[in-house]
Amino acid sequence: MTEFFFVPMNLIALVALIAFAVVMGWLLSVALRNRIIFKLGVRNPRRRPAQTALIVFGLMLSTLVITSALGVGDTLAYTLKSMAVRDLGHTDEGISAATLNDDGKLTTPRFDYSRFERLRAQLEGYNKIDGLAPAITGRSLVVNLTARQNEPGIQLFAPDPDHLSGFGLMKNQQGQSVSLSDLGPDEVYLDRRAADRLDAHPGDDLLLSTVGNSLAVRLKSIVKGTSAGANSVVLMPLSRAQEFLQWGDQINAIYVSNKGGPLEGVEHSDEVTARLEDLLAGTGLEVDTIKQDRLRSAGLAGNAIATIFAFLGVFSIAAGVLLIFLIFAMLSAARKPEIGMARAVGMKRRQLVHMFLFEGTAYDLCAALVGVLLGMAVSVATASIIVGVLASAWPDIAFDLVYHFETSSMILAFVVGTLVTFITISLSSWKLSQLNIVRAIRDIPEPPLTRVGYQRPLVAISLLVLGLLLLLASLAIERASLLYLGFSLGITSVALLLRWLGLRERLVFSLAGIALVIWSLFFVSSLESVLGDMSLGIEVFFFSGLMMVLGSVWIVVYNLNLLLLVFAAVLGRIRGIVPALTTAVAHASSSRLGTGLTIAMFALVVFILTFMSVTIGASAPLFEDADLPSGGYDIVGIVPTSRPIEDISSVMGNATVLNTRDILAVGSLSTLSSLTSFHRVRQSGVASTKWKKYPVLGADDVFLDTNTFEFTTTAQGYESAADVWLAIRENPGYAVITADAVPSRSLSSMSRADSALLLEGPYRDDEVMSPVELDLQGGNMTLTIIGVIEPMNLNRGIYTSQNTLEQGLSLPVIPTTYLFKVADGVDAEATAHAIESEFFAYGMEARSIDEILEEESEIYFAISSLLQGFVALGLVVGIAALGVISVRAVIERRHEIGVLRAIGFKQRTVQLSFLLESSIVALLGIFIGVVLALLLSYQVVEFMKTEAEGLEFHIPWAQTLATAAAVWGASLLMTYLPSREASKIDPAEALRYE
Amino acid sequence: MQEDYIIQVRGLRKAYRTGTVKVEALKGVDFAARRGEMVAIMGPSGCGKTTLLNCLSGLDSVSAGQVEIDGVQLQRMSDNKRTEYRARHMGFVFQLYNLLPVLSSVENVELPMLVSDVSPSESRQRALEALALVGLSDEANRRPAELSGGQRQRVTIARAFANQPTIIWADEPTGDLDSETAKAIMDLLCHLNKANQQTFIVVTHSHEVAARADRIVKMRDGLIVEDNQL
C-alpha cells in the first residue's frame, strides 16, 4: 500500500514508529522509576487468565484486520512478482523493432541478425549486462498430433543457443541442465504449462503452424527456466525458426540480461535502458523494460488489493476501537472498589494512571502479537481463495501462489494496532483516575456530570479548526471527501459548543445526529451539483457511512427510552415476557455508553455488509445484458494471426455444420501487428511524449454498421451512436476509444502504471468532448478520437476502420476477432460450437458472450463474497462486545439478580432478561446499519448509473435478512452462557454479600 | 391451635462451607409465627438471623428439619414453584433497599406483580396505589438514585406489600436510616401490619425496632435462646 486516505504509508509508518518508540521508552522509564507500580500493574493479567484471554481477544481484532489487509496485498504482489521472475528468468529488457523500419515506414517487426552483432560489439566491455541473445518470438498454433489437442496461443521462443550465457540454465523434469543445442533438427522443448495445455509428453508428435508455414516436430523434453517472458512456450534454436518461418537471417527480438540474478538484475534496468537507447537511437529499435514493468504492475496490483481490503477493514477497525474502549470501561468499573482502596491508602492519581497503563500495555502487546499472527493466517486463507478464483478464470496463466509478508507491513500492523489500543487505554486510565474515592470504595455509580469542564470547548474548537482546514484543503486540491469531512466535523464541533453553552445534551446530540444523517444523504444525492470540478474517490462513501452511523447512534442513544417503548409495546403483548422485558429495556437504556458503543459496532459492520450486498447486487444486470458489453453480438470467435481467414463469406457459404441462416451478421476486428494486438500510441499536443501501449482495432464495415455500442461522450455534431460509427466508416483517421483510457470527473481511479494510456482533455462523464489526436507509432498516421465508448466493453481499445489502418499504414491488416450476431431464439452456445467446427481449419475458438459473461460474473461474485467475508470479520467485534458486556453484567448485577430472584423472578426469567437486553442492542445496531446502508446505496447506485448504465437498485432481502438473523443468532449465542450463569446465581448467597 | 400458625419450623439446620471451613449457621431451630403477628428476631452478628430468614422464605435451602409456610413445605417444591410461591405470597424489605437502580419507583414496585402474571395495567395501578399508601405518589417516576434513604425504603416497602402477600420478610429494614426516618418506617410497617393482618418477620439489631413487634425472638450461635411475647 502506498497511501491510505491520502496520507502516504511511509509517513504513517514513520510517525507510528516514532510514536511507538516514544510511548514504549516513556513507559520503560516510568517502570524503572516505579517498580512497585509496574509490578502491581502487570500482575493482574497473570492473576485472571480467563479474563486476560477475553481482553486479548477483544483487543487484537483491529490488529488482525490491519495485518490481513496488508498481508493479502503483500502475498499477491509477491506472487505476481515471482511469476514475472519465473517467466522472465534472467531476461530484464527486450529489444524489438516494433513496427518501424530504417526508412521510418511501418513494416513487419523483423530486423537483420547483423543488428544484434553490431549492438553486441558496441556493448563490449560494458559491465552492467551479462547476456544478450538474438531471438525470434511470436505466437504459434501448436497441434499435439499424438494426443489430438491443439492450442492457438503457444509462444514460440527461438533464441540463438550460442548467446545464451548469462540467461541461466534450462532444466528438464529430472533437474538436468539442457540446452537448445541438444535438440535434433526436428525436435523442440515445451515448458510445463504448454505441455499441460497440449497434454504433451516427451516423444509426442507436434505440428507448429504460423502464417503460411507448418512444421512437424517431436517433443524432446519438458523444461523450465526458459527466460522467454511468458508461460506456454515452445522452444527451438534460432536457426531452425528462421528456416521454418523463411525469415532468412532475420530476427525480431534481442533479449537482455542485466548483471546479477533474476531478481537483482532489474536494479540496473534504468541505467541499462538508457545506455541501450543511446546506442539504438535512430535505428528504429526500441527497448522494453519488461521485467521492471511487470514487477511494478505486480506492486501496483498488490497495493490496489491491500487498499481495497484496508478500506473495507476501516469499519471493522472502527468497531474494534469501540470494543477496546468498552473493554477498558468495563475493566475500570470492575476495579473501582480496589482502585478506590488504593487511592484511600495513598496512591496518587498519576500512579493510578501508570498502573492501569502498565496493565493495559501488557494486554496491548500480547493482543497486537496475536493479532499479527492471526491476521497472517487470515491473509493466507484470503490470498489462497483469490488466487484460486483467478486461476480458474484464466487457465492459460500458471498462478504459483507464494505466501509472503513484508516485515515492514507486519511491523506497521503491530505498531499501529498497539498505538490504537494504547490511545484508548490512556483515555480510559485518565477517566478512571478522576473517580471519587468514597464512591469507588462503595461501588456507587458516579453521578451524571452537571458541569462541563474545559476539555469539551477545547475539543470543539479543535474540531472546528480542523473542519475549516479540511474545507480549505478541499477547495485547494479539489477533493470531495475533504469537503464532506470538513462540514461533518463542523456539525460535530457546533454540537459540542452548544452543549458547553448549556443546551440540553439530549437535544443537542439528537439534532446533531439528524444533521449528520441529512447532510450525508444530501451530499451523496447531490454529488454532481455539489462537486463541480472536484474529484470523488471511493473514500467519500466510507466517510459518509461512518458519519451517518455516528449520527444515527447519537439519535438512538439519546432517545433510547422512546425507542424502547416501541419494543415494550410490541413485545409487551406476550404476557410471560413482560418482567424480563422491563428489566432488559431498563438496563439497555441506563448504560448509554455501553449500549451506544455496542450499537455503533453492530451498525458499522452491518452497514458496510448491506451496502456491499446492494451495490454488488446492483451490478448483476450488467452481467445479464450481453448486448451492453458485446455491442449487440452474441458470439465471439478468435483466430490466431497465423491462420487468417481470407474470405469469411466464402467459408460461410460452404458451411456444412453451421446453419448460416442462424447468423444475422458477422463483424470483424483486426489487430495491427501480426505478433501483438497492442500498438504504441501517443497523444498529440500534451506534455508527455511517452509512447503508451494500447490495443488498436480495425473494424470492418459490417461491424461499423451493426454494432450497438453507445458513447458516454462524443465530439460536437453527432446526435446518435450510429452517426459516430458512420463517421468512422466514411472518414479515414476517425476513431473512438473505450472508457478505460479516459478519466472521469467524478470518480478518481486508483493509481495506474505509468505505462497505462490515459487521455488528457476529455472526461467520460462530459456530454461533449473536443476531438483528441493520437499518433500511432510509425510516423505517418494520426487518429482523431471523436467518441468514448461506454464502460463494460469486452474488447478495450481504439476502434477505427480497417480501411484507415490499411491506407494509413500501407500494411495488410489481419482480422482476428469475429463477432457473430444470431437470430432471435437461436441457441448461441450451440451455434458457437458449430462455428468452432466450421472454422476448425483456422483454429477458431468461439464462445457465446453469455458464457463469457457468466464466467466473469462468477469471478466478480466470488471475489465480492470474499470481500464481504473479510468485512464480516468485524461482526466478531460486535459479538465479542456483547459477550464482554454480558459477562461483566453478570458479575456487576450479582446482587441485583439475588433481589430479582427473591421477589419472584424465575431462573428462566433472569436468563430471558439478559438475552432480551443483548437482542435489543444487536437488533438496534442491525436496524441502523441496514436502513443507512439502503439509503446510501440507493443514492450511490443512482449516481453510478451515469458511469454504468444498467445498474439496478434492489434490496437483497434474502441476504439482508440472513445477515441480520446470523448476527442476531450469534449475539444470542454469545450471551447465552453468561445469561445461564446469571440464572443459576443462588439468591441467598447473592444477597448475603451485600 | 395449629391453624393459628402461618410459619412452623422444626429442627431446622443449615450448614454451608466457607472455603474449607464448614459453618453451622442454624443448629436445630424450632420456631412458629401466627398469622398477622409481627415477630422481631434479634441477636449478635453471625448468630444466624438472616440465614433463618432466608431459609424460611425459601431463598436458601435447608440442611435438615422442616419448614412449613401456610401449610406448604417449601423445600419440597421445585425452584420454579418456590419462586412462584414467593412472588405471590411473600414480600421482602432489605436493609440496603435493594431496588433496581435502572427502574423507576413505580417500575420497581410493579415488578413482583408482573412476575405473578398480573396484567401490566393492573400492576401499574396497584403499584401507584401502593406508592400513594407509603406517601410517594409524587416520586413514582423517579429512580432510586434520585430518592433519599427513607424514600427508597418506602419504595421497598411498597414493593413488598403491593402484591398483597401473606408474609413480609424484613432484614434490618431501618439499618441504614437515621433514627427519625427509622421511626417513620417502623410506623409504616406497624400500620400495614395492623391494617392488612400480614405476618411480619423482622430481623433487627435495634431494640427500638424490636420493641414495636408483638414478639421478640433472640438468637445466639444458630439457636433460639429466648422467645418473649410482648
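My question is about the end of one helix. Which residue follows H13(A), and is its phi positive or negative?

Modeller: The residue is Gly502(A), and its phi is positive, near 110°. Keep in mind that this is a predicted model.

Now look at the helix that comes before Gly502(A). H13(A) covers residues 480-500 of chain A, which gives 21 residues. From its first C-alpha to its last, H13(A) reaches 31 Å. At 1.5 Å a residue, 30 Å is expected, so the span is close to that value. H13(A) is also mostly covered. Of its 21 residues, 15 are buried.

From one helix, move to a pair. Two packed helices are described by the angle between their axes and the distance between the axes. In chain A, take H8(A), residues 290-344, and H27(A), residues 849-892. Their axes come within 9 Å and cross at roughly 10°. Angles under 35 degrees count as roughly parallel, so H8(A) is roughly parallel to H27(A). Sorted by class, their contact has 19 nonpolar residues, four polar and two charged.

S27(A) spans residues 845-848. One face of S27(A) is covered and holds Ala846(A) and Ser848(A). The partner is S16(A), residues 635-638, which runs antiparallel to S27(A) and is joined to it by four bridges. Across this pairing, Ile638(A) stands opposite Glu845(A).

Next, a single side chain in chain A. Phe914(A) is found in H29(A), residues 907-944. Is Phe914(A) buried or exposed? Phe914(A) has 27 C-beta neighbours inside 10 Å, so it counts as buried. Set aside the neighbours within four places in sequence, and Phe914(A) is in contact with Ser886(A), Thr975(A), Pro978(A), Ser979(A) and Ala982(A). Gly883(A) is 31 residues from Phe914(A) in sequence. In space, the two are 11 Å apart, C-alpha to C-alpha.

Now cross to chain B. Strands of a sheet pair through backbone hydrogen bonds, either parallel or antiparallel. In chain B, four strands form an open sheet in the order S2-S1-S4-S5, with antiparallel pairing. The edge strands are S2(B), residues 21-34, and S5(B), residues 72-73, and each pairs on one side only. Inside the order, S1(B), residues 5-18, and S4(B), residues 64-69, pair over five bridges. There, Ile7(B) stands opposite Ile69(B).

Last, see where the two chains meet. The contact takes 24 residues from chain A and 24 from chain B. On the chain B side, H1(B), H2(B) and H3(B) each supply at least two residues. H2(B) gives the largest share, six residues. By class, this side has 12 nonpolar, six polar and six charged residues.

One helix pair spans the two chains. H18(A), residues 578-590, and H3(B) pack at about 150°, with axes 8 Å apart. Angles over 145 degrees count as roughly antiparallel, so H18(A) is roughly antiparallel to H3(B). H18(A) brings Val578(A), Pro579(A), Thr582(A) and Ala586(A) to this contact. H3(B) brings Glu107(B), Leu111(B), Leu114(B) and Val115(B). By class, that makes six nonpolar residues, one polar and one charged.

How values were computed:
Residues are numbered from 1 along each chain as its sequence is written. Chains are lettered from A and ligands numbered from 1 in the order in which they are written. This is a predicted model: local features need pLDDT of at least 70, side-chain atom pairs count only at pLDDT 80 or more; totals for chains, interfaces and linings use all residues. Two residues are in contact if their C-beta atoms, placed from the backbone, lie within 7 Å. Ala, Val, Leu, Ile, Met, Phe, Trp, Tyr, Cys and Pro count as nonpolar, Asp, Glu, Lys and Arg as charged, and the others, Gly among them, as polar. Axes are lines fitted to C-alpha atoms, for helices over the stretch in contact, and angles run from 0 to 180 degrees between N-to-C directions. Angles under 35 degrees count as roughly parallel, over 145 as roughly antiparallel, 65 to 115 as roughly perpendicular and the rest as oblique. A residue is buried if 20 or more other C-beta atoms lie within 10 Å of its own, exposed if 12 or fewer, and partly exposed in between; C-beta atoms are placed from the backbone. Two strands pair if DSSP finds at least two bridges between them.
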